[in-house]
Amino acid sequence: MCYNLVLKTQDSRLITMLLNKSEYLFKQAQQFIPGGVNSPARAFKSVGGIPVFFKKAKGSIITDEDGNQFIDYVGSWGPMILGHAFPAVVKAVQDASFNSTSFGAPTELEIKMAELVQQMVPNVERVRMVNSGTEACMSAIRVARGYTGKEKIIKFEGNYHGHADSFLIQAGSGALTLGKPSSPGVTKGTAKDTLNADYNDLDSVEKLLKKNKGKVAAIILEPVVGNMGCIPPLPGFLEGLRKLCDEHEAVLIFDEVMTGFRLARGGAQERFDVWADLVTFGKIIGGGLPVGAFGGKKEIMDVIAPVGPVYQAGTLSGNPLAMSAGLAQLSTLENHPEYYVELEEKSDYLAKGLQHVLNQHGIDYHMNREGSMISIFFTKDKVTGFKTANTTDQQFFRLFFHEMLKRGIYLPPSPFESWFLATTLTTAMLDKTLEAAEDALPIAKSLYKK
Ligand SMILES: *Cc1c(COP(=O)(O)O)cnc(C)c1O
């Protein structure tokens with residue numbers, strides 16, 4: 001489908017542009033929405049070009065506004081572990097909506113959800129629902145501060161915990177002293193309470209704890225990082241953090257917004273058998289509706305109002321549509337342990353196939369995979385943290401991304417995001433992806449400018 005867009009040039013001539021629908025919609029969107037998007041990762045800034053506007057999806061096939069179909073490896077950045085428009089989720093939302101879309105009062109659905117979360121993640125003795133992963137992480141550190149009476153938090157460079165002020169702090173050169181805001185709008189006052197350590201580097205954490213003795217309320221991390229590409233913890237790293245938190249009486253917070261209910265029914269905690277004090281959730285827990293949650297030890301969670309003095313609230317928290325969608329998705333995962341086995345097998349098949357193709361074409365790469373999260377870094381280095389992730393060749397990724405897109409494969413539009421696989425991917429789809437990579441890699445190589 002083609003759209004004529006009539007534009008006025010600077011010297012007042014009228015010109016007509018022939019656009020496809022995504023291009024047309026992106027121009028329209030930019031007139032009303034900053035950058036044309038409601039979240040920056042969608043704008044294709046890392047890969048260039050025009051973001052694809054989507055119309056519908058089923059399983060692992062997504063259809064854009066021009067009617068093009070793609071095999072989806074983004075899965076809405078994680079939630080679509082059972083594929084798009086999973087029948088039980090769709091039905092749950094439909095059924096719930098007839099009984100009102102919100103009460104702002106307690107419902108039985110919220111108990112069912114909390115019970116199921118505890119069943120799947122046993123150390124979540126108390127859980128509270130919120131509306132996004134950002135809210136979950138923001139609230140978890142408030143609770144940790146309220147519980148310990150301490151103010152500072154330690155996070156890791158390149159880990160993402162949503163866009164609350166405390167998390168938008170970069171290490172900079174003074175990594176071991178004061179944090180520096182990495183976004184205008186974040187005050188120095190906030191930045192000074194956020195300390196940055198290096199992921200997979202226990203020494204960097206120990207130094208910060210020693211330097212700030214008695215002041216660190218919590219250590220928060222992605223137990224498997226997804227937000228600088230997929231980076232698993234090195235052996236002993238999570239165990240080491242658990243020990244350090246116990247020694248320094250700091251709350252260990254696992255941000256399982258990506259990994260929760262994905263790496264196992266009990267998330268990264270179950271997969272690595274290291275158990276945090278507080279855990280945050282998002283993405284999968286809402287079945288594609290806006291849901292986040294945080295929970296953990298009763299003793300810690302009981303500092304929250306109305307039991308305790310730490311304030312935390314939400315008009316739409318525990319919303320009936322969101323709870324219904326989340327319950328349908330989580331109970332499906334709970335009742336089908338074989339889905340995790342299948343996801344593991346499919347991810348392994350894809351990863352091995354990709355490695356074979358990459359090797360054949362003599363590409364420098366490092367692949368990380370943990371369960372159904374995969375990243376290819378175009379670098380010779382082993383990628384274990386922020387610095388090594390940044391050695392990835394972004395130009396090569398851009399070229400590869402667009403060649404894959406042309407061949408009907410929708411990858412995350414950034415070299416620093418993980419691919420998320422879904423149960424609905426078939427062997428035929430995985431093979432089609434491998435064939436696309438087979439074609440795309442030599443072309444990307446030939447277009448690459450040294
Ligand atoms: C996506 C994400 C968040 C933020 O969740 P939103 O729902 O986007 O606010 C927090 N932590 C991690 C690890 C995430 O991947």
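The model is predicted. The domain assignment divides the chain into domain 1, made of residues 36-84 and 337-447, and domain 2, made of residues 87-335.

- The centres of domain 1 and domain 2, taken over C-alpha atoms, are 26 Å apart. To the contact, domain 1 contributes 33 residues and domain 2 contributes 34 residues.
- About 2700 Å² is buried between the two domains, and 61% of this area lies on carbon and sulfur atoms.
- Three residues, Tyr340, Glu370 and Phe386, account for 26% of the area that domain 1 buries against domain 2, which is more than any other three residues supply.
- Three salt bridges are counted between domain 1 and domain 2. Across this interface, 11 residue pairs are in polar contact.
- On the side of domain 1 that touches domain 2, the elements giving two or more residues are helix H11 (338-360), strand S15 (366-370), strand S16 (373-377) and helix H12 (386-389).
- The residues on that side of domain 1 comprise 17 nonpolar, eight polar and eight charged residues.

**The surroundings of the ligand**

- Residues around the ligand include Ser132, Gly133, Thr134, Tyr160, His161 and Gly162. Also among them are Glu222, Asn227, Asp255, Val257, Met258 and Lys283.
- Glycine 133 places a backbone N or O atom 2.9 Å from an oxygen atom of the ligand.
- Aspartate 255 has a side-chain N or O atom 2.6 Å from a nitrogen atom of the ligand.
- Lysine 283 has a polar side-chain atom 2.6 Å from an oxygen atom of the ligand.

**Salt bridges**

- Side chains of opposite charge can pair when their charged atoms come close. The structure holds 23 salt bridges.
- Another salt bridge links lysine 210 and glutamate 206, at 3.9 Å from N to O. These two residues are separated by about one helical turn, because lysine 210 and glutamate 206 are four residues apart in helix H6 (residues 202-211).

**Two backbone features**

- Most residues other than glycine have a negative phi, and most peptide bonds are trans.
- The peptide bond between alanine 305 and proline 306 is cis, with omega about 10°. Proline 306 is located in the loop between helix H9 (298-301) and helix H10 (320-335).
- Aspartate 273 has a positive phi, near 55°, although this residue is not glycine. Aspartate 273 is found in the loop between helix H8 (267-272) and strand S13 (278-281).

Terms used:
Residues are numbered from 1 along each chain as its sequence is written. This is a predicted model: local features need pLDDT of at least 70, side-chain atom pairs count only at pLDDT 80 or more; totals for chains, interfaces and linings use all residues. Side-chain values use heavy atoms; hydrogens and water are left out. Domain bounds come from an automatic or database domain assignment. Contact means heavy atoms within 4.5 Å. Buried area is the accessible area (1.4 Å probe) that two parts lose on being put together, summed over both. A salt bridge is a side-chain nitrogen of Lys or Arg within 4 Å of a carboxyl oxygen of Asp or Glu. A polar contact is a pair of N or O atoms within 3.5 Å; within protein, one must be able to donate a hydrogen and the other to accept it, and residues adjacent in sequence count only if both atoms are side-chain atoms. Ala, Val, Leu, Ile, Met, Phe, Trp, Tyr, Cys and Pro count as nonpolar, Asp, Glu, Lys and Arg as charged, and the others, Gly among them, as polar. A residue is near a molecule or strand if one of its heavy atoms lies within 4 Å of it.
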